[in-house]
Amino acid sequence: MIRVGLTGGIGAGKSTVAKTFVERGGFHVDADKIAREVVEPGTPGLAQLVEAFGEDILVGDGSLDRAALAAKAFVDDESRSTLNSITHPLVGARTQELLEAAPDDAIVIQDIPLLVESNMAPFFHLVIIVHADPEERVRRLVELRGMPESDARARIAAQADDDQRRAVADVWLDNSGSPEALAAASGWVWERRLVPFETNVRTRTPAVVDAELLAAEPNSSTLPTRITNRLWALAGANATTIDAAARGSVHPEFVITARDADASNVLADALAPGGFVSIGDSRFGSADPGRPAAVNVRTAE
């Protein structure tokens with residue numbers, strides 16, 4: 001399978017993209033939905049929240065009053081830490097359950113609002129950012145969701161900005177136009193990039209580079225860093241260094257120095273499912289048709 005991280009600022013239009021992918025067979029893992037599920041009435045999560053913050057975070061039917069919880073949980077760092085210590089492990093465990101249930105040939109779409117803010121980008125095969133100008137997002141939040149304008153602006157200001165999102169984006173979907181235009185652009189990404197990428201990973205086939213996908217690269221200056229970070233996420237402690245050998249090239253090359261011979265073998269096993277398939281002689285090629293790269297693995301002397 002491949003895991004795709006889908007994110008964007010509040011009001012940007014992630015739901016339209018997720019719906020388009022799901023209609024084409026994507027396996028959707030929605031972080032917001034999971035966060036609600038793990039604190040539903042009768043769950044251990046809700047019981048832990050009540051124990052930590054009191055019975056008055058509940059409404060009459062026993063469900064969570066999110067506004068009341070927020071009023072208590074976000075007053076200081078200690079309270080916020082308590083909230084996170086309860087909810088984050090539960091969300092993580094439920095997410096893992098869903099990932100384990102996904103088919104072997106799945107294109108998993110993980111819809112995560114704070115993906116950028118949480119520094120999670122390297123842990124996905126691909127990161128897709130849905131973008132809309134802040135003023136348009138304010139309009140949508142006010143007119144479509146009934147949010148007070150001051151709240152909408154505060155929510156937007158508290159999230160990552162466009163430069164931070166573009167720095168980690170492998171795909172940039174502009175939602176300044178109609179929902180139909182966004183759905184069409186998403187469908188093109190699905191057919192031209194996600195489907196071939198998953199097939200190449202599953203069959204251990206290096207990608208045939210797609211010139212149109214290369215032309216749509218959202219930020220070529222950060223591409224070497226994005227690939228390096230992805231390689232570190234795959235290599236972990238098995239690598240001592242990862243260097244970009246051809247940083248300015250359209251086809252960048254990277255050298256991973258393995259800690260020892262055993263670590264080199266572990267690396268080889270990790271790179272293929274992670275999107276870099278063997279092309280012989282300790283060399284690996286990208287399985288992503290929109291992101292060519294060569295990776296050499298050598299053992300530390």
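This is a predicted model: local features need pLDDT of at least 70, side-chain atom pairs count only at pLDDT 80 or more; totals for chains, interfaces and linings use all residues.
Residues are numbered from 1 along each chain as its sequence is written, and side-chain values use heavy atoms, with hydrogens and water left out.

**Exercise 1.** Work out what span helix α6 should have, and find which of its residues are buried.

*Solution.* Start with the extent: α6 covers residues 134-145 (helices are DSSP runs of H or I, at least four residues; strands are runs of E, at least two; both are numbered from the N terminus). The expected span is 1.5 Å times one less than the number of residues, so the 12 residues should span 16 Å, which agrees with the 15 Å between the end C-alpha atoms.

Next, burial (under 20% relative accessible area, 1.4 Å probe, protein chains only): R137, V138, R140 and L141 of α6 are buried. They sit on the same side of α6, because they cover an arc of only 160 degrees around the axis (taken from the directions from the helix axis to the C-beta atoms).

Finally, step past the end: G146 follows α6 and has a positive phi, near 70 degrees.

**Exercise 2.** Find which element gives the most to the lining of the second largest pocket.

*Solution.* Begin with the residues nearest the centre of this pocket: A121, P122, V168, R226 and N229, out of 19 lining residues (on a 1 Å grid over the protein atoms alone, a pocket is an open set of points where a 1.4 Å probe fits, with protein on both sides within 12 Å along at least five of seven lines; lining residues have an atom within 4 Å of a point). Then list the elements giving two or more residues: β4 (126-131), α8 and α11 (223-235).

How values were computed: Buried means under 20% relative accessible area, exposed over 50%, partly exposed in between (1.4 Å probe, protein chains only).
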